[in-house]
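Here's a quick tour of a protein chain, written for someone new to reading structures.

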Amino acid sequence: MALYSAAAAVLEGLERGDGGIKTLVYNSRFPHVRQLYALVSETLRYSSVLEKLLAGAALLRAEKKLPLPLAKVLVYDLLFGKGLKCGGRWKALARRHRARLEAELARLKVQQKVSRNEDLLAPVQAACPRACQVPRYVRVNTLKTCVDDVIDFFKRQGYSYLGKAASVEELRALSGKKFLLDLHLPELLVFPPETDFHDNLLYTSGHIILQDKASCLPAFLLSPAAGSHVIDACAAPGNKTSHLAAILKNKGQIFAFDVDTKRLATMNTMLMRAGVTGFQLAQQDFLTVDPRDPKYSKVTYILLDPSCSGSGMVNRVPREEAAPSAERLQALAGFQRKVLSHALSFPALQRLVYSTCSLHREENEDVVHAVLQEWGSAFRLVNAFPSWPCRGLAAFSGAESCLRASPADTLTHGFFVAVLERHGKGTAAPSSLPAAAEENPQHGEGMEPRAAPKKRKRKKQRVKE
């Protein structure tokens, strides 16, 4: 049963946008990761077929306590896999419905005029290139090492370092054992898409974090000063939290919230492995956190990456319909507006980053616009990272201050980022948005410029092969 439960948990994580397949599988603590990865991958491949079988056999109506992700995993292994070699009571449940499921599978084959199971699969030519074109991004964990040492380590392992990328096209052309320094983010290395580091010593020791480039933008643009108090409002699985700690240089305090106990436990393990200190994890809905609590009186930075449709994740669970329903989007946007407004109510807050892995305007520009109108002139958008090529959709005047990312344009997951900064006391009319900062292409007006980079010294922990 542990295999099927673990696979179902990975599917749920993909649906929430917690990370990619490999990351969720390797963070699952399941002892046989290759077996788990194979089961999840094949269940995803047959996802649309499984949904038709479940609907036709009315399995979920008959077994109301059976969650959809677990049902998919069980039915896949029953009909297409190894035939449910384990599973306990869930195995018995699935076998009770075997005749109905097999009859539905036969009916589906007749309907589609095919004889083999694989012929039921929809063509994936459109989906695969989209997923495959996103490179493997590796964030160097500066709490344990530095970029120069990691580059040297990979070179000793037979990789060829090509220097700093000058364009997105250079990232797209990567192949074999070649890698580049990212053209935008100074501690991000870029490898070909098929590169796997889950068994690499640098990853298992916490010296590198496998994190998509777009997911690195929120902490990078929040840019909290060392010693600051920061809230990571919807923190699990913890990659952004560890990035915040690296920017803070472990000097300051991070308050991280999530409602899921298992995700927090996994996150705690990940943060410890990454060498993060000065953090407090709380199993708590961020909306229930009291902004007036003296504990948070020094919180000047908040990173808010709330639950969303996950429509920007290139390897998310395939859906029969590409877009969520209007009702689903409306419900998500309502929650996002509420949690963003709540975050802005922390009295000492100076800067906030709002981000989602969604492509939908309803969850992005529309949310930011509505909350800014609610708060009057108290907060304004920062035109951060003017050199970033993709800007917000023209949903309102000034939306171009926001950032967007996509597989086609930036070779990343689909993402949205907005930087909000306190401005005045909120009694005046909304002010005009700040002009793009020209003195520092990585930061907008009102954001403290970082000191000029010093030559890296090899004093940090060196990784031995």
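A residue counts as buried with under 20% relative accessible area, exposed with over 50%, and partly exposed in between (1.4 Å probe, protein chains only). Keep in mind that this is a predicted model, where local features need pLDDT of at least 70, side-chain atom pairs count only at pLDDT 80 or more, and totals for chains, interfaces and linings use all residues. Residues are numbered from 1 along each chain as its sequence is written, and side-chain values use heavy atoms, with hydrogens and water left out. Helices (H or I, at least four residues) and strands (E, at least two) are DSSP runs, numbered from the N terminus.

**The nonpolar cores**

- A nonpolar core is a set of buried Ala, Val, Leu, Ile, Met, Phe, Trp, Tyr and Cys residues joined through side-chain atoms within 4.5 Å.
- The largest one has 53 residues, and the members touching the most others are Leu171, Leu217, Leu221 and Phe385.

**Strand 4 and its neighbours**

- Two strands pair if DSSP finds at least two bridges between them.
- Strand 1 (residues 136–140) runs antiparallel to strand 4, and four bridges join the two. In this pairing, Tyr137 has Val190 of strand 4 as its bridge partner.
- Strand 3 (residues 178–181) is also antiparallel to strand 4, this time with two bridges. Here Leu181 sits opposite Leu189 of strand 4.
- Strands 3 and 4 make a hairpin, with six residues between them.
- In a regular strand, side chains alternate between the two faces of the sheet. Strand 4 (residues 188–191) is covered on both faces: Leu188 and Val190 are buried on one side, and Leu189 and Phe191 are buried on the other.

- Look between Ala236 and Pro237 and you'll find a cis peptide bond, with omega at about 10°. Pro237 belongs to the loop between strand 6 (229–232) and helix 14 (239–248).
- Lys113 isn't a glycine, yet its phi is positive, near 60°. You'll find Lys113 in the loop between helix 8 (98–112) and helix 9 (127–132). Is Lys113 buried or exposed? Lys113 counts as exposed because its relative accessibility is 79%.
- Asn250 isn't a glycine either, and its phi is positive too, at about 60°. Asn250 is in the loop between helix 14 and strand 7 (253–258). With a relative accessible area of 24%, Asn250 is partly exposed.

**Salt bridges**

- A salt bridge is a side-chain nitrogen of Lys or Arg within 4 Å of a carboxyl oxygen of Asp or Glu. By this rule, the count is 14.
- Arg45 and Glu118 make one of them, with their closest N and O atoms 3.3 Å apart. This pair ties together distant parts of the chain, 73 residues apart: Arg45 is in helix 3 (residues 33–45), while Glu118 is in the loop between helix 8 and helix 9.
- Both partners are partly exposed: Arg45 has 37% relative accessibility, and Glu118 has a relative accessible area of 43%.
- Glu102 and Arg98 form another salt bridge, where the closest N and O atoms are 2.9 Å apart. They both lie in helix 8, four residues apart, which is about one turn of the helix. Glu102 is partly exposed at 37%, and so is Arg98 at 32%.
- Asp366 and Arg361 meet through their side chains in a salt bridge too, at 3.2 Å from N to O. Asp366 is partly exposed, at 26% relative accessibility, and Arg361 is partly exposed as well, at 39%.
- Which residues do salt bridges with shared partners join into one network? They are Glu42, Arg45 and Glu118.

- An unreviewed UniProt entry places a "coiled-coil region" at residues 91–118. UniProt positions are given in the numbering used here, feature names are shortened, and annotations may be inferred rather than shown by experiment.
- In the model, residues 91–118 are 75% helix and 0% strand, with the end C-alpha atoms 24 Å apart.
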